Amino acid sequence: NLEDESYWVKLAKFWRTEPEVAKKSKCSNCAAFDISPRMEACMPGSIQEDGKLGYCWMHNFKCHSARTCFTWAAGGPISEDSVSYDWQERNQ
């Protein structure tokens with residue numbers, strides 16, 4: 001539930017920041033969020049209007065760009081097939 005403010009409060013406390021700052025760290029800009037052309041071809045399509053599906057190489061599942069988790073890492077998303085293949089190789 002994207003409207004659940006208590007989630008952002010808990011996440012901000014874990015990251016030692018404010019909820020407004022935590023809300024800027026989403027899967028859509030995570031270093032492990034793969035939206036490369038090869039990965040997009042695997043996705044079932046858009047399921048919500050507020051973002052898109054991608055693959056999380058940290059947790060090995062598909063996730064939504066508007067979500068986030070406690071292991072978010074700056075530097076993403078993965079948007080090139082070559083980088084996607086590199087993450088796949090490192091995950092084997």
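## Charges over rings

Arg-90 lies over the face of Trp-87, 4.6 Å from the ring centre. Arg-38 is placed over the face of Tyr-85, at 3.9 Å from the ring centre. A charge counts as over a ring if NZ of Lys or CZ of Arg is within 6 Å of the ring centre and within 35 degrees of the ring normal.

This is a predicted model, in which local features need pLDDT of at least 70 and side-chain atom pairs count only at pLDDT 80 or more, while totals for chains, interfaces and linings use all residues. Residues are numbered from 1 along each chain as its sequence is written, and side-chain values use heavy atoms, with hydrogens and water left out.

## Aromatic pairs

Rings of Phe, Tyr and Trp (its six-membered ring) pair if their centres lie within 6.5 Å; planes under 30 degrees apart count as stacked, over 60 as edge-to-face and the rest as tilted. The count comes to five aromatic pairs. One of them, Phe-14 with Phe-70, is edge-to-face, with 4.7 Å between centres and 80 degrees between the planes. Ring pairs also link Tyr-7, Trp-8, Phe-14 and Phe-70 into a cluster.

Phe-14 is exposed, at 51% relative accessible area, and Phe-70 is partly exposed, at 31% (buried is under 20%, exposed over 50%, partly exposed in between; 1.4 Å probe, protein chains only).

## The sheet

Three strands form an open antiparallel sheet in the order β1-β2-β3. Strands are DSSP runs (E, at least two residues), numbered from the N terminus, and two strands pair if DSSP finds at least two bridges between them. Two bridges join β1 to β2, and four join β2 to β3. Tyr-55 is the bridge partner of Asp-34 and stands opposite Lys-62 in β3.
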